[in-house]
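Here is a short tour for someone who likes to check geometry before setting up a calculation. Please keep the coordinates open as you read.

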Amino acid sequence: MIDRQIWIIDFGSQYTQLITRKTRELGHSSVIMTVEESRDLINQGHKPECIVLSGGPQSVFEDKEDYSFVFELNLPLLGICYGMQLMGQYFGGKVEKGVIGEYGHTKVKLKDGQSIANCPPEISVWMSHFDHVSVVPQGFEIVMESHNKLVATIVNKSKKLMGLQFHPEVEHSEHGKDILKHFYSVIAGLKEDWDAGEMLKEANELVKSVGKDYVLCAFSGGVDSLVAATIAHHVIGKNLHCFFVDNGLLRPQDYGHIQVLKNQTDLNIEIIDAKEIFYKNLSGIDDPEQKRKIIGRTFIEVFETKVHEYERDHAIKFTYLLQGTLYPDVIESTSPHKKGGKSVTIKSHHNVGGLPERMNLKLLEPLRFLFKDEGRTIGMELGLKHEWVYRHPFPGPGIGVRVLGELFPDSIRKVQESDQILFEELLEMNLYESVAQAFTVLLPVKTVGVKGDGRAYEEVICLRVVSTSDFMTATWSDLSYAFLSKVSNRITNEVRGITRVVYDITSKPPGTIEWE
């Protein structure tokens with residue numbers, strides 16, 4: 001990863017992943033690293049072609065660490081928010097504690113005589129700061145100001161430096177991508193070096209490192225595991241073995257999808273029917289966290305038992321576990337505090353938690369430096385069908401977290417049948433790919449209804465449909481009344497035990513995409 005064109009040094013911003021995503025979308029290879037990682041690599045003689053300093057929660061008045069090693073490289077450099085303040089301070093400008101903070105949407109204007117390709121004179125951007133550069137360093141010019149007359153963008157063309165007080169990486173910032181492109185192409189003068197071919201080449205090289213060893217895949221059929229397995233199969237062929245665990249918490253579309261993959265790909269997929277084991281272990285459990293843990297633990301037990309049986313019957317020994325781990329998983333699993341960083345661990349992640357430790361397997365993760373959209377790009381490059389590559393995400397615990405409360409076979413049926421109706425109607429009205437994720441949730445309440453000539457006292461299904469590009473934030477999808485009406489009518493008429501359908505119009509944040 002040290003050979004990436006651009007190093008993005010993370011100071012703890014919640015948006016750092018988005019800088020990387022937008023940078024790669026513009027055709028430039030990039031990697032996120034902590035301050036300490038970058039310092040160590042530079043001391044070892046490594047350096048990129050360009051550096052980006054992220055935003056962060058700290059203040060230049062409190063952070064006394066010496067970052068001069070970054071500026072002394074004399075490389076093209078972009079400072080965003082806190083990164084701009086560090087730049088302004090280092091080059092002799094003045095940073096002040098603000099009297100007026102700027103948070104959320106703010107209007108910024110190009111100064112007279114300044115221009116950025118495709119960017120109008122005034123745009124709305126996303127601010128999140130209190131300190132600001134009040135006196136611009138010598139050699140810099142002000143390119144943009146906010147409506148509060150605060151410095152929003154500075155540039156030193158001769159040194160190839162640019163500072164942005166706002167966040168161009170977030171979708172809330174208009175023309176943010178145009179501004180980043182202006183820096184990379186015009187200010188820094190970088191050539192594009194990142195595309196589907198380069199991504200696939202790196203993934204293939206990683207898989208080649210396993211040699212002739214046998215590789216095991218806990219296969220879900222989702223885009224990540226499918227793309228990872230397809231890459232591995234192209235490289236190591238029959239030495240890859242995929243196992244699909246049917247936990248009884250799947251949607252009807254999932255069963256059909258797995259059968260299609262068995263019939264239409266060269267992957268060696270074996271289906272393990274473990275429904276009864278999962279149902280037994282989940283009996284009487286209604287706490288969502290307990291359900292997740294039981295589902296995860298049961299998966300490991302079932303999977304381990306089956307794999308050992310397979311090894312015995314076929315006289316082989318698996319050395320690697322193939323996973324569809326993505327770059328956000330890697331970033332979120334790393335505690336920057338342990339590496340000299342400024343942020344905290346968001347979550348501990350493992351696609352198949354516990355298996356490598358229990359089974360003494362090495363991990364093989366060909367997508368570990370890619371985002372989901374990049375994984376999809378590779379999938380298309382590999383010739384996989386469009387509908388396979390653009391399937392909506394489905395959580396590991398499956399319907400287990402879409403039945404609120406205890407799991408009963410009848411409750412699972414209600415979610416399966418209602419989810420299938422939503423899925424069919426999205427396809428029928430060509431809406432499936434215009435939304436990012438769509439599913440149904442069974443609520444733990446009953447409501448009075450009328451069916452036929454009689455009174456019904458039955459349960460409620462909630463529709464959850466969201467739009468997002470990164471899943472870090474999401475908005476509820478504004479679907480037509482005609483669509484919602486048809487889905488509601490079908491569910492209340494076709495799904496036994498449901499008298500009412502509601503639509504969730506909560507965005508993320510404050511809500512999450514899943515209900516549990």
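This is a predicted model: local features need pLDDT of at least 70, side-chain atom pairs count only at pLDDT 80 or more; totals for chains, interfaces and linings use all residues.

Residues are numbered from 1 along each chain as its sequence is written, and side-chain values use heavy atoms, with hydrogens and water left out. Helices (H or I, at least four residues) and strands (E, at least two) are DSSP runs, numbered from the N terminus. Buried means under 20% relative accessible area, exposed means over 50%, and partly exposed lies in between (1.4 Å probe, protein chains only).

- Helix α1 covers residues 16-25, and nine of its 10 residues are buried, so the rest of the structure largely encloses it.
- The buried residues of α1 are T16, Q17, L18, I19, T20, R21, K22, T23 and R24.
- After α1 comes G27, with a positive phi near 95°.
- Helix α5 (residues 176-187) has 12 residues, which at 1.5 Å a residue should span 16 Å; the 15 Å between its end C-alpha atoms agrees with that. The expected span here is 1.5 Å times one less than the number of residues.
- Buried positions in α5 are G176, I179, L180, H182, F183, Y184 and I187.

**How α6 meets α13**

- Two packed helices are described by the angle between their axes and the distance between the axes.
- The axes of α6 (residues 196-208) and α13 (residues 372-381) come within 9 Å and cross at roughly 90°. Such axes are lines fitted to C-alpha atoms, for helices over the stretch in contact, and angles run from 0 to 180 degrees between N-to-C directions.
- That makes α6 roughly perpendicular to α13, a label for angles of 65 to 115 degrees (under 35 is roughly parallel, over 145 roughly antiparallel, and the rest oblique).
- On the α6 side the contact uses A196, G197, M199 and L200, and on the α13 side E374, T377, I378 and E381. Contact means heavy atoms within 4.5 Å.
- By class, this contact has four nonpolar, two polar and two charged residues. Ala, Val, Leu, Ile, Met, Phe, Trp, Tyr, Cys and Pro count as nonpolar, Asp, Glu, Lys and Arg as charged, and the others, Gly among them, as polar.

**Cysteines**

- How many disulfides does a search of the whole structure find? The search finds zero, a disulfide being a pair of cysteine sulfur atoms within 2.5 Å.
- For C50, the closest cysteine sulfur is that of C81, 18 Å away and too far for a bond.
- C50 is buried at 0% relative accessible area, and C81 is buried at 3%.

**Backbone geometry to check**

- Most residues other than glycine have a negative phi, and most peptide bonds are trans.
- N118 is not a glycine, yet has a positive phi of about 70°. N118 sits in the loop between β6 (102-110) and β7 (122-129) and is exposed, with 61% relative accessibility.
- K160 also has a positive phi, near 60°. K160 belongs to the loop between β10 (151-156) and β11 (161-164) and is partly exposed, at 35% relative accessible area.
- Which residues does a cis peptide bond with omega of about -15° join? That bond joins K508 and P509, and P509 is in the segment after β20 (498-503).
- The peptide bond from P509 to P510 is cis too, with omega near 10°.

**Single residues and separations**

- S59 lies in the loop between β3 (50-53) and α3 (68-71) and is buried, at 8% relative accessible area. Leaving aside neighbours within four places in sequence, S59 is in contact with Y82, K97 and D131.
- E37 is part of helix α2 (residues 35-43) and is partly exposed, at 27% relative accessibility. E37 and D213 are 176 residues apart along the chain, with their C-alpha atoms separated by 32 Å.
- D112, in the loop between β6 and β7, is exposed with a relative accessible area of 81%. D112 and R464 are 352 residues apart in sequence and 47 Å apart in space, C-alpha to C-alpha.
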